[in-house]
Amino acid sequence: MKQADYTIATLGSHTALQILKGAKDEGFKTLAICLKGRSEPYRSYNVADEIIEIEKPSDFFAIEEELIKRNVIIIPHGSFVSYLGHKSVCDIKAMHYGTKAILEWESNRTMERQWLKKSGINVPRIFETPEEINCAVIVKFHGAHGGKGYFLAHSTAEFYERFKEYTGEDDYVIQEYIVGVPIYAHYFYSRLTSELEVMGFDKRYESNADSIGRIAAKDQLDVNISTSYTITGNVPVVLRESLLPLVFEMGHSVIKTSQDLVENGLFGPFCLEMIIDKNLKFWTFEISARIVAGTNPYVNGSPYTWLRYDEPMSTGRRLARDIKEAIEANQLDKVLG
Ligand code: ATP
C-alpha cells in the first residue's frame with residue numbers, strides 16, 4: 001500500500017494539533033477523534049480532514065472496526081493513554097504507532113524507577129514511610145493529573161498535618177524535594193535509522209507554583225497559599241549548550257535499557273522530566289514514553305530541529321515522517337506496536 005492509503009488519527013486533546021498538522025505536512029490524510037463539544041480547535045485550525053465525535057473515551061472501541069477498515073494509524077499521546085488507560089491501549093487492534101508494552105513501564109511508578117535506575121539515571125530519593133522523612137519532600141498522589149494535589153513537607157509531623165486533607169488516600173509516593181529548575185527534555189528515537197534526536201526542551205507553567213513568586217513571602221503566609229503544580233501550559237527553554245552531551249547520553253541509555261525490558265524497546269517521541277540543581281546535577285523524576293505536551297510550543301520546529309532539518313519540524317511531524325519513511329521502505333511494521 002502507498003502513503004495515500006493511510007490516515008493518521010489521534011484523540012482531539014494534548015498534542016493533537018501538531019500531530020495532525022505534522023501528518024498533513026507529510027502528505028497523510030488526517031482524522032481527529034473528539035469528545036463531544038471539544039472539536040472546535042481541530043476545525044478552526046484546519047488540521048483534520050475529518051472529525052468523528054464520541055461521547056466518552058471508551059467509545060473509541062465502538063469506532064475501531066471502522067478505523068481498521070480505513071487503514072487508520074493511531075498516534076497515542078498523554079491524554080489518549082490517560083483517558084483509555086495503558087491496559088486498554090494494549091487492547092487496540094487498529095494500527096498503533098509505538099511500542100504498547102513500554103506504556104506499562106512508564107505508568108507504573110515502581111517499574112518506571114527501575115527502568116531509570118537500570119539506565120544509570122540519577123533519580124530523587126524515595127522515602128518508604130513518613131517516619132523516615134529527614135529533608136524537604138514532595139508528596140505525590142497517583143493519578144493526580146497535571147501535578148494537582150501534591151504537597152510539600154519538611155518533617156514527619158508536617159507530613160501528617162498536611163496529610164489530614166487527604167484522609168483515605170493510600171496511593172502516594174514521598175520523594176525528596178530537589179531545589180532547582182525543572183527541565184523537560186524532548187527526544188525522538190527512530191527504529192528505522194537507530195538515531196536519537198533531541199527535539200527541544202520546555203518548562204511547565206504551573207498554578208500556583210509559578211504564581212507564588214509574584215507576591216512577598218509574608219503575603220504568601222497571610223493568604224495561606226500552599227504550593228500546587230496544576231499544569232496550565234508550557235514555556236520553551238534553550239539549554240546551556242555544554243549540558244547537551246549529557247542529555248544525549250541519558251536518552252541513549254533509557255533507549256538501550258528499554259530494549260531489554262520489552263520487545264522492540266521504546267521508539268518514537270519520549271521525554272525525561274528533570275530538575276537541574278545548582279551544581280548542574282540532573283535529577284529525573286519521570287519518563288514519558290510518548291509525545292509530551294511540552295513539544296507544543298514548537299509546531300514550527302524548535303531551535304534544535306532547525307539545526308538538523310532546515311525546515312519546520314515539530315515532534316508531530318517527525319513522527320509522521322517516521323511513518324512515511326517506514327511505508328516507503330516497506331517496513332511499516334517496524335514503527336507499529
Ligand atoms: P503526571 O504526569 O503523573 O500526571 P505530573 O507529571 O504532572 O504528573 P510531576 O511531573 O511528577 O507531575 O510533578 C509536577 C511538578 O512537580 C513538576 O513540574 C516539578 O516542578 C515538581 N516536582 C516533581 N518532582 C519533584 C522533585 N522531586 N523535586 C522538586 N520538584 C518536583
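Reply: In this predicted model, the ligand lies between domain 2 (106-123 + 179-225 + 233-312) and domain 3 (126-176), because both of these domains give residues to the shell around it. The shell holds 21 residues, of which Ile178, Tyr184, Arg204, Glu206 and Glu286 come nearest to the ligand. Sorted by class, the shell has 11 nonpolar, four polar and six charged residues.

An N or O atom in the side chain of Gln175 is 2.9 Å from a nitrogen atom of the ligand. For Arg204, an N or O atom of the side chain is 2.9 Å from an oxygen atom of the ligand, and in Glu286, which is also among the residues that come nearest, a side-chain N or O atom likewise is 2.9 Å from an oxygen atom of the ligand. Of the 610 Å² that the ligand exposes when taken alone, the protein buries 88%. The elements that give two or more residues to the shell are the strands β7 (137-141), β9 (172-176), β10 (181-190), β11 (195-208), β13 (268-276) and β14 (282-288).

Two of these elements, β7 and β9, belong to an open sheet of four strands, in which the order is β6-β9-β7-β8 and the pairing is antiparallel. The edges of this sheet are β6 and β8 (151-153), each of which pairs on one side only. In general, strands of a sheet pair through backbone hydrogen bonds, either parallel or antiparallel.

On one side of β9, strand β6 (residues 126-127) is joined to β9 by two bridges, and the two strands run antiparallel; here Ile126 has Gln175 of β9 as its bridge partner, and Gln175 is the residue whose side chain has an N or O atom 2.9 Å from a ligand nitrogen. Between β9 and β7 there are five bridges, again in the antiparallel sense. Along that pairing, Val139 has Ile174 of β9 as its bridge partner, while Phe141 has Tyr172 of β9.

Conventions:
Residues numbered from 1 in each chain as written. Predicted model: local features only at pLDDT ≥ 70, side-chain atom pairs only at ≥ 80, totals over all residues. Heavy atoms only, no water. Near = heavy atom within 4 Å. Polar contact = N/O pair within 3.5 Å; in protein donor to acceptor, adjacent residues only side chain to side chain. Areas by Shrake-Rupley, 256 points an atom, 1.4 Å probe, with all protein chains shown as cover. Nonpolar A, V, L, I, M, F, W, Y, C, P; charged D, E, K, R; others polar. Domains from an automatic or database assignment. Pairing = 2+ DSSP bridges.
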